[in-house]
Amino acid sequence: MAPVKRIEPEKTKADEGKPKRRKVAFAIDTGIEANDYITLHLVSTPEEMRDAGGVEDKSLSFNPEYVQHFVGEHGKIYGYKGLKIDVWLNALSFHAYVDIKYESKVEARKSEKKTTDLTDLMKRIFGRGLVEDRNAFIQSFSSSSQSIESMIDNEGERIATREILTDKGLSAQGDSERLGVSSEIFRLELSNPQIRDWHARLEPLVLLFVEGSQPIEQDDPKWEMYIRVQRESLSGGSAVCRLLGFCTVYRFYHYPDTTRLRISQILVFPPYQAKGHGLLLLEAVNKTAVSRDSYDVTVEEPSESLQELRDCMDTIRLLSFEPVMPAVKSAVQKLKEANPSDKSVADHSLEGNVNNETVTTSSAKPKNKSGWFPPPGLVEEVRQHLKISKKQFKRCWEILLYLNLDRSDSQCEDKYHISLMEQIMSELFDKSSEKSAKGKRVIDIDNEYDNSKTFIMVRTRNPGNGEGFLPEALEGGMEVSQEDQLKSLFEERLDEITEIAEKVPRLCKALQMP
């Protein structure tokens, strides 16, 4: 880490001979956003480093997003004017070298925040990966990088994955043919001390770029890591190896004799995002689960972007799984033929009754009348062969139904919307530990073909004295608010489904799937 430097302002001729005046600052130091004043640079060779202006390839320079993990919830740095923090990261070993410069310090009053200790902040972020001597950091390109590349080849299990042509037109395979670049995925065990130390240098990046992320307990031998690396041949016969992204996975025991794989951390570094690498990391985990005959694959508190990526990946896998499409087409036909006079076309019998609450109509219906839920046998078959959990399969089932709707039939699409609304209400009931209010509640849903039939009804089979979703207290001013919230959840979920439905055909084409 370079010594912290104060940048002296340049003096002009007009300043010469003028007496120095004591500067008095009356402004309160409100702090500066740490994310905006820290720049990370991924570098693969010493030649890529520059004393000023960052790396030559500007796409390899970027700002962190969640420094508040280390500086507090407001994410601010206090006490500096003209601050500039450059962090150089070895693109394979992820040792870090920091260069801090500023114009002046702000003299804080007693009532203001304490000046941020920048040296201490960098140590808290990068830990043992922080290299204080510039020459030692430059040396890491030859020593540490070679050691880690050797570790990957000797200790890692190579997992073959297909290459894809992304929306931005990048083909990793085609790029390899043109530029002498190859990309691979390896699986590594964190029980290996050298791999564990390497992960410790990678983990700060997860905290800086994934909201709400937490460190893992590295000492647990059940952790493993999947990495996406790129090797590039340089002029003169030399080559460099870069890490593009990684994910950590925990092996949970599942009774009686198998495991469940849970994805905990996943990060593709900003310069390499939106190029299919995250999709391929997920595919590698799924492939491992199938080869081991694990029970299923889950994700620990996925972000919105990760859940979207997972939905795309699993929907694509389901499209190529032979038993799925006949069931989807049958379900869409049932949805199309459902009698609109039933008012409600979805059935929740597959879920059973949770907390004695259900979403229903005034008349009984056969089980799974509309085909909204996948057949139970298919749910188990998908879990056994694809390792997709029941909850995740139901999300993808909604997408598959939407993909196969007849867009020329507005009534069928409206029935889909009503069924989706009822499913959302059912999930709200399932998450509540309280009992619902007595009686029934009707909520209108927009419909294009017959407004008299566009509503759903909520009913409690064993009403109690407690209050639950849509309670009697909704009489009056609260009523509109609750209904608006439900409609908002419906619109958000429908937007998610339509967005994924638009992406899936493009990804199928990129993966050369029919």
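**Close-up views of a predicted model**

**View 1. Met122 and Trp198 in the largest nonpolar core.** Met122 and Trp198 touch the most other members of the largest nonpolar core, which has 117 residues. Such a core is a set of buried Ala, Val, Leu, Ile, Met, Phe, Trp, Tyr and Cys residues joined through side-chain atoms within 4.5 Å; buried means under 20% relative accessible area, exposed over 50%, and partly exposed in between, with a 1.4 Å probe and protein chains only. Helix H14 (residues 478-510) gives the most to this core, with nine residues. Residues are numbered from 1 along each chain as its sequence is written, and side-chain values use heavy atoms, with hydrogens and water left out.

**View 2. Helix H5 packed on helix H7.** Here H5 (residues 144-155) and H7 (residues 193-209) pack at an angle of about 125 degrees, their axes 11 Å apart. The axes are lines fitted to C-alpha atoms, for helices over the stretch in contact, and angles run from 0 to 180 degrees between N-to-C directions. H5 and H7 are therefore oblique to each other (under 35 degrees counts as roughly parallel, over 145 as roughly antiparallel, 65 to 115 as roughly perpendicular and the rest as oblique). From H5, the contact takes Ser147, Ile148, Met151, Ile152 and Glu155, and from H7 it takes Gln194, Ile195, Trp198 and Arg201; contact means heavy atoms within 4.5 Å. Beyond four places in sequence, Trp198 touches residues including Leu92, Leu188, Met225 and Leu243.

**View 3. Helix H8 against helix H9.** Take a look at H8 (residues 277-292) and H9 (residues 304-319), whose axes come within 10 Å and cross at roughly 55 degrees. H8 and H9 are therefore oblique to each other. On the H8 side, Gly278, Leu279, Leu282, Glu283, Asn286 and Val290 meet Leu306, Leu309, Arg310, Met313, Asp314 and Arg317 of H9.

**View 4. Thr298 in strand E15.** Thr298 is found in E15 (residues 297-299); helices (H or I, at least four residues) and strands (E, at least two) are DSSP runs, numbered from the N terminus. With a relative accessible area of 17%, Thr298 is buried. Leaving aside neighbours within four places in sequence, Thr298 is in contact with Arg260, Leu261, Arg262, Ile263 and Arg310. Lys391 lies 93 residues from Thr298 along the chain, yet their C-alpha atoms are separated by 9.5 Å.

View 5. The peptide bond from Tyr255 to Pro256 is cis, with omega near 5 degrees, and Pro256 sits in the loop between strand E13 (239-254) and strand E14 (258-268). Phe94 is not a glycine but has a positive phi of about 60 degrees. Its loop runs between strand E7 (84-90) and strand E8 (96-102), and Phe94 counts as buried at 2% relative accessibility. Asp293, in the loop between H8 and E15, likewise has a positive phi of about 60 degrees although it is not a glycine. Asp293 counts as exposed, at 51% relative accessibility.

How values were computed: This is a predicted model: local features need pLDDT of at least 70, side-chain atom pairs count only at pLDDT 80 or more; totals for chains, interfaces and linings use all residues.
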